[in-house]
Amino acid sequence: MTLTSLNYPLPINLHLKLKPKTFHFPATTTTTIITPTLTSKLSSFKPPNSTPKHSQSHPLSQTLRSLTTITPYIRSQSTPILIGWLSSAVSVYSLSQIVPRVGLLSSTITDAVKLRNEGLALAFYAVVRLVATYLQQAFLWDAALSAVFRIRVHVFGEVLGRELSFFEGASAISAGDIAYRITAESSDVTDTIYSLLNTIVPTVLQLTAMATQMVIISPGLSLISVMMIPCMALAIAYLGEKFRKISKKARVSIANLSAYLNEVLPAIMFVKANNAECFESARFERLAYADLCKHLKKKKMKVLIPQIIQIIYFGAFFLFCAGSLVASSGSFDCCSLVSFVTSLVFLIEPIQSVGKAYNELKQGEPAIERLMDLTRVKSKVIEKPDAVDLANVTGDVKLCNISFSYGDDMPLVLNGLNLHIKAGETIALVGPSGGGKTTLIKLLLRLYDPSSGCILFDNCNIRSVRLDSLRRHVGLVSQDITLLSGTVAENIGYKDLMGKIDMERVELVARTANADEFIRSLPEGYNTNIGPRGSSLSGGQKQRVAIARALYQNSSILILDEATSALDSRSELLVRQALEHMMENHTVLVIAHRLDTALMANRVFLLNDGKLEERSPKTLMGINGLVN
Ligand SMILES: Nc1ncnc2c1ncn2[C@@H]1O[C@H](COP(=O)(O)OP(=O)(O)OP(=O)(O)O)[C@@H](O)[C@H]1O
């Protein structure tokens with residue numbers, strides 16, 4: 001990789017600092033892979049994003065489809081919307097009282113009493129209009145924000161319900177992209193909904209009221225004004241479509257930036273260990289620059305559109321007006337002229353807000369599409385409508401002729417696997433990296449369904465079991481330990497986070513997992529906050545907390561994907577003792593990377609090339625993927 005692959009000027013210091021370099025992968029606990037691999041070209045970095053397949057369809061049908069998807073959420077906010085629109089009716093009524101009075105005021109300058117009365121009435125209606133406009137906007141914002149709150153909750157629920165292939169593999173959507181859609185793009189959807197609500201009724205009301213005033217004063221001039229509307233509508237439609245396309249590109253560029261940050265910041269240790277700060281700065285700068293260009297284009301277009309609309313409107317209108325005034329040869333009195341112009345000003349205002357709302361809609365459309373796209377993917381792992389709830393499971397597990405591949409055109413990772421694990425038995429799986437051990441675990445948790453064959457728990461096909469029930473009976477300690485921000489107790493009692501954590505049980509399982517002693521030595525014991533992803537704990541401590549969490553879950557089947565990281569001998573002893581305790585009274589499937597762990601099992605199986613083969617303890621030495 002060379003800097004010349006960057007297609008924009010870099011700051012001089014980056015030019016000087018960055019040189020083609022070889023990366024050394026230090027022996028960290030888990031290998032961090034930042035997509036694309038560091039050796040790939042900068043220019044090829046394209047975080048995944050899902051471009052909707054329907055992006056080429058007709059603009060109007062696209063707009064309608066986008067609006068249809070969010071209509072139920074908007075409809076759920078009918079109360080604030082109605083109050084908002086009612087307030088707008090009051091506001092427009094006040095305006096219709098203000099406009100003729102402005103004209104009258106100019107003709108009552110000589111009569112002090114009349115002037116005072118008209119002035120007071122004018123002030124009254126002005127205050128009513130201010131209050132009503134405030135209420136209109138406050139209630140419509142309430143409706144827009146609440147609608148998007150519901151959309152967000154729905155989308156996030158759908159995302160959590162997606163099967164694992166949505167998050168992993170070549171076509172997965174990155175976590176950063178998903179986060180961006182649910183946060184920033186949702187905010188854009190709020191602006192769009194508000195804009196629409198604030199335009200539909202209030203604008204129609206104001207347009208009608210002002211047009212009525214104008215028709216009363218001068219039907220001829222009003223007709224001329226009306227003729228301007230189709231011209232403006234055409235201009236708005238043309239510019240709006242252009243704006244939508246530019247907005248979409250800007251959205252993708254910022255999502256790419258967000259995806260990149262979400263990938264590189266959690267891997268900060270890896271970046272530093274490789275002296276890759278400059279390299280990553282350059283990657284960030286390239287993406288940030290692309291985003292700058294796209295957003296600049298979008299903002300320029302956004303400010304240009306209202307100006308163009310104003311030019312079209314005022315240019316054409318004054319041309320016609322001047323002609324008409326000359327033709328009517330001064331038949332207008334001063335009072336009518338003032339009222340007409342005031343009405344006109346308040347007529348232009350809603351027409352402009354229609355233009356702005358259209359822009360907002362075009363800007364929000366890609367955001368709505370991208371957000372709702374997250375809910376459209378059909379899961380392959382489907383829970384049957386008549387799926388059963390397994391109350392108790394003894395822990396008898398059967399794999400019957402299981403084959404699996406990650407895609408139709410991909411090779412088989414598992415090929416005709418048969419295995420019977422009796423209740424209470426401990427089975428160790430060993431084998432080379434990439435042999436399919438983790439894949440087998442994913443099938444047991446029904447994160448994927450086998451391509452053929454079936455898995456039985458207590459002789460019940462797991463396809464017929466409710467997913468939550470199935471996963472309640474399987475506890476998992478994964479290789480890359482997942483801990484979340486929060487206290488130690490919250491992490492161990494994660495299962496009961498929505499309810500009440502049983503502290504006695506937390507302490508009991510922590511003792512069983514050999515974690516109690518170190519937890520008590522933390523500043524606030526079980527209530528100590530362990531930082532993002534448990535970053536304040538050591539590798540061995542994290543493993544023991546994870547074991548305690550699996551024990552807390554009280555599942556009859558436990559799956560342990562042994563961490564490959566080397567621990568110091570004391571930590572290793574503590575973890576091993578924790579595993580021994582874990583194996584009591586549970587059916588355990590352990591993916592063993594160390595010989596000692598494999599020897600703790602009742603039976604050991606080698607998983608290689610998608611096939612299972614039972615091995616006796618004596619034949620384990622030297623197996624690929626197993627260290628002493
Ligand atoms: N989401 C995925 N999409 C496509 N292929 C995948 C996916 N996950 C894993 N694979 C492939 O499936 C094969 C088995 O992977 P798996 O993670 O099950 O191996 P493993 O035995 O657990 O390896 P290790 O011991 O290194 O963790 C590998 O060739 C891997 O590249």
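Me: Two strands count as paired if DSSP finds at least two bridges between them. What makes strand 4 and strand 5 a pair in this predicted model?

Reply: Strand 4 (residues 452–457) is joined to strand 5 by 2 bridges. The cut-off is at least two bridges, so the two strands pair.

Me: Why are strand 2 and strand 5 called edge strands?

Reply: These strands belong to an open sheet of 4 strands with the order 2-1-4-5 and antiparallel pairing. Strand 2 (414–421) and strand 5 (460–461) each have a single partner strand, so one side of each is left without a neighbour in the sheet. Helix 10 (residues 437–444) lies across strand 1 (397–404), strand 2 and strand 4, and its direction makes about 120° with that of strand 1.

Me: What makes strand 3 and strand 9 partners?

Reply: Between strand 3 (residues 426–430) and strand 9 (residues 603–608) there are 4 bridges, and the two strands run parallel. At least two bridges are required, so this pair also qualifies. Within it, Ala-428 has Val-604 of strand 9 as its bridge partner.

Me: How are the strands of the sheet 6-7-8-3-9-10 arranged?

Reply: This open sheet has 6 strands and mixed pairing. Strand 6 (474–477) and strand 10 (611–615) are its edge strands, each pairing on one side only. Neighbouring strands are turned by 20° against each other on average, direction ignored. Helix 10 packs on this sheet as well, touching strand 3, strand 6, strand 7 (557–561), strand 8 (587–591) and strand 9, at about 155° to strand 7. Helix 15 lies across strand 6 and strand 7, at about 175° to strand 6.

Me: Which residues have the most contacts inside the largest nonpolar core?

Reply: They are Ala-428, Leu-429, Ile-492, Ala-548 and Ile-559, in a core of 66 residues. Helix 15 (residues 539–552) gives the most to this core, with 7 residues. Another core, of 24 residues, lies apart from it and includes Ile-81, Val-148, Ile-178 and Met-372.

Me: With which residues is Ala-548 in contact, leaving aside its neighbours within four places in sequence?

Reply: Ala-548 is in contact with Ile-492, Val-509, Ala-510, Ala-513 and Ala-515. A contact requires C-beta atoms within 7 Å, so each of these residues has its C-beta atom within that distance of the C-beta atom of Ala-548.

Me: Why does Asn-459 count as exposed?

Reply: Asn-459 has 7 C-beta neighbours inside 10 Å. The limit for an exposed residue is 12 or fewer, so Asn-459 falls in that class. Asn-459 is found in the loop between strand 4 and strand 5 and has a positive phi of about 65° although it is not a glycine. Most residues other than glycine have a negative phi.

Me: What kinds of residue make up the shell around the ligand?

Reply: The shell divides into 2 nonpolar, 8 polar and 2 charged residues. Of the 12 residues around the ligand, Gly-169, Tyr-406, Ser-433, Thr-438 and Thr-439 come nearest.

Definitions and conventions:
Residues are numbered from 1 along each chain as its sequence is written. This is a predicted model: local features need pLDDT of at least 70, side-chain atom pairs count only at pLDDT 80 or more; totals for chains, interfaces and linings use all residues. A nonpolar core is a set of buried Ala, Val, Leu, Ile, Met, Phe, Trp, Tyr and Cys residues joined through C-beta atoms within 7 Å. A residue is buried if 20 or more other C-beta atoms lie within 10 Å of its own, exposed if 12 or fewer, and partly exposed in between; C-beta atoms are placed from the backbone. Two residues are in contact if their C-beta atoms, placed from the backbone, lie within 7 Å. Axes are lines fitted to C-alpha atoms, for helices over the stretch in contact, and angles run from 0 to 180 degrees between N-to-C directions. A residue is near a molecule or strand if its C-beta atom, placed from the backbone, lies within 6 Å of it. Ala, Val, Leu, Ile, Met, Phe, Trp, Tyr, Cys and Pro count as nonpolar, Asp, Glu, Lys and Arg as charged, and the others, Gly among them, as polar.
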